[in-house]
Amino acid sequence: MKLLVVGGAGYIGSHTVRQLRRSGHEVVVLDNLSSGHREALPEDVTLVQQDLLDAEGVKATLQAHEPDAVIHFAALIEVGESMRAPARYYRNNVVGSLNLLQAIVETRKIPLVFSSTAAVYGTTDAVPIPENAPMQPESVYGETKLMTERMIHAFHTAHGLPYVILRYFNVCGAAPEGDIGEAHANKTHLIELAALTALGQREKMMIFGDDYPTPDGTCIRDYVHVQDLADAHVLAVEALHSGKTQAATYNVGLGHGFSVREVLDAVDAVTGKPLTRELAPRRAGDPPRLVADATRIVKDLGFKPRFTDLQEIVQTAWTWHKSHPHDFRR
Ligand code: UDP
């Protein structure tokens with residue numbers, strides 16, 4: 001298959017590009033490089049530097065490269081920033097996705113795999129969370145993902161667009177080779193922050209609350225390894241291509257979670273030097289427990305995560321950060 005990977009130069013996109021090529025597929029990347037990195041892509045992958053807000057340009061790219069399917073990762077992803085700059089998020093994530101959908105149905109009518117997020121559920125009491133849980137996103141970011149999901153449904157109904165929506169839980173880790181990994185300009189994720197703290201770039205790790213109703217009092221999250229998530233995209237796009245799937249939405253997670261303390265213990269064990277920890281107030285909007293009910297993707301697509309051991313997950317992140325302490329800036 002030939003795939004157009006939109007947002008393919010980012011964290012999850014670049015790992016997916018690698019897995020697609022390992023599975024024998026041809027890849028063209030469309031990315032505006034606002035947060036992605038050319039260095040995260042194999043040298044021989046064609047990169048079309050383009051913005052989804054350039055509707056005519058996107059259409060021309062689809063016509064020029066004639067892909068068999070599209071995987072769409074391109075989005076702004078910072079929850080806090082989305083609350084301060086909503087227009088930017090709605091324009092980039094919703095209008096950008098609308099332009100892509102429109103370009104697909106006007107040119108090639110090929111299947112789409114879309115990156116969504118557990119943030120579409122918002123705070124929920126469901127443990128684990130099934131795909132049919134109520135959707136009440138609490139951030140503009142989550143709202144833009146839900147709006148895009150709804151546009152995709154409408155395009156499926158109106159134009160027969162085949163799709164798979166993947167709702168990610170806490171994505172983490174890096175390619176075990178250590179040459180690509182998480183490289184966000186604004187660092188907020190627990191494992192990445194802990195690795196950078198272990199490298200001495202930060203003084204200490206804050207634990208945001210230890211009075212949650214969980215066994216050790218800290219929040220529990222479902223940490224899914226980026227390479228397993230990349231495999232989920234390969235399975236999704238292949239199921240669409242073979243006609244096995246026409247329209248489906250899947251959670252992607254391990255189906256069980258780890259607490260903040262368990263993650264920090266794993267980082268200590270992997271790096272061999274205990275992090276300084278400090279208790280801080282709860283972070284606004286953090287639900288105590290977010291764990292995927294991932295049975296649907298296991299059953300339908302045969303998803304089988306390889307990285308289920310927390311220390312092994314952390315080890316891959318550590319290998320990447322240690323060899324790239326300033327991300328792709330050598
Ligand atoms: N967390 C923490 N200290 C940090 C960063 C995160 O205690 O420096 C906690 C955070 O409150 C949450 C969990 O770690 O309970 C995972 O946070 P992250 O930002 O990685 O992902 P999120 O669940 O917000 O998507």
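**Exercise 1. Find what includes the cover of the buried residues of helix α6, and list those residues.**

Step 1. Among the elements that cover the buried residues of α6 are β7 (170-172), β8 (205-208), α8 (260-271) and α10 (310-323). Contact here has a cut-off: two residues touch if their C-beta atoms, placed from the backbone, lie within 7 Å. Helices (H or I, at least four residues) and strands (E, at least two) are DSSP runs, numbered from the N terminus.

Step 2. A word on the source: this is a predicted model, in which local features need pLDDT of at least 70, side-chain atom pairs count only at pLDDT 80 or more, and totals for chains, interfaces and linings use all residues. Residues are numbered from 1 along each chain as its sequence is written.

Step 3. A residue is buried if 20 or more other C-beta atoms lie within 10 Å of its own, exposed if 12 or fewer, and partly exposed in between, with C-beta atoms placed from the backbone.

Step 4. The buried ones are Leu 190, Ile 191, Glu 192, Ala 194, Ala 195, Thr 197 and Ala 198. Just after α6 you can find Gly 200, with a positive phi of about 90°.

**Exercise 2. Describe how α8 and α10 pack against each other.**

Step 1. Two packed helices are described by the angle between their axes and the distance between the axes. For α8 and α10, the axes come within 9 Å and cross at roughly 60°. Axes are lines fitted to C-alpha atoms, for helices over the stretch in contact, and angles run from 0 to 180 degrees between N-to-C directions.

Step 2. Now name the angle: α8 and α10 are therefore oblique to each other. Angles under 35 degrees count as roughly parallel, over 145 as roughly antiparallel, 65 to 115 as roughly perpendicular and the rest as oblique.

Step 3. The crossing is right-handed. A crossing is left-handed if the near helix is turned anticlockwise from the far one by less than a right angle, and right-handed if clockwise.

Step 4. From α8, Glu 262, Val 263, Ala 266, Val 267, Ala 269, Val 270 and Thr 271 meet Leu 310, Gln 311, Val 314, Gln 315 and Trp 318 of α10. Sorted by class, this contact has 8 nonpolar, 3 polar and 1 charged residues. Ala, Val, Leu, Ile, Met, Phe, Trp, Tyr, Cys and Pro count as nonpolar, Asp, Glu, Lys and Arg as charged, and the others, Gly among them, as polar.

**Exercise 3. Where in the chain are Glu 66, Lys 109 and Pro 128?**

Step 1. Most residues other than glycine have a negative phi, and most peptide bonds are trans.

Step 2. Glu 66 has a positive phi of about 45° although it is not a glycine. Look for Glu 66 in the loop between α2 (55-65) and β4 (69-72); Glu 66 is exposed, with 12 other C-beta atoms within 10 Å.

Step 3. Lys 109, not a glycine either, has a positive phi of about 50°. Lys 109 sits in the loop between α4 and β5 and counts as exposed, with 11 C-beta neighbours inside 10 Å.

Step 4. Pro 128 lies in the loop between β5 (112-117) and α5. A cis peptide bond, with omega about -10°, joins Val 127 to Pro 128.

**Exercise 4. What is the secondary structure of the protein chain, and what does the C-alpha trace span?**

Step 1. Count the elements: 10 helices and 14 strands.

Step 2. Along its principal axes, the C-alpha trace spans about 55 × 45 × 40 Å.

Step 3. Buried residues make up 48% of the 330 residues.
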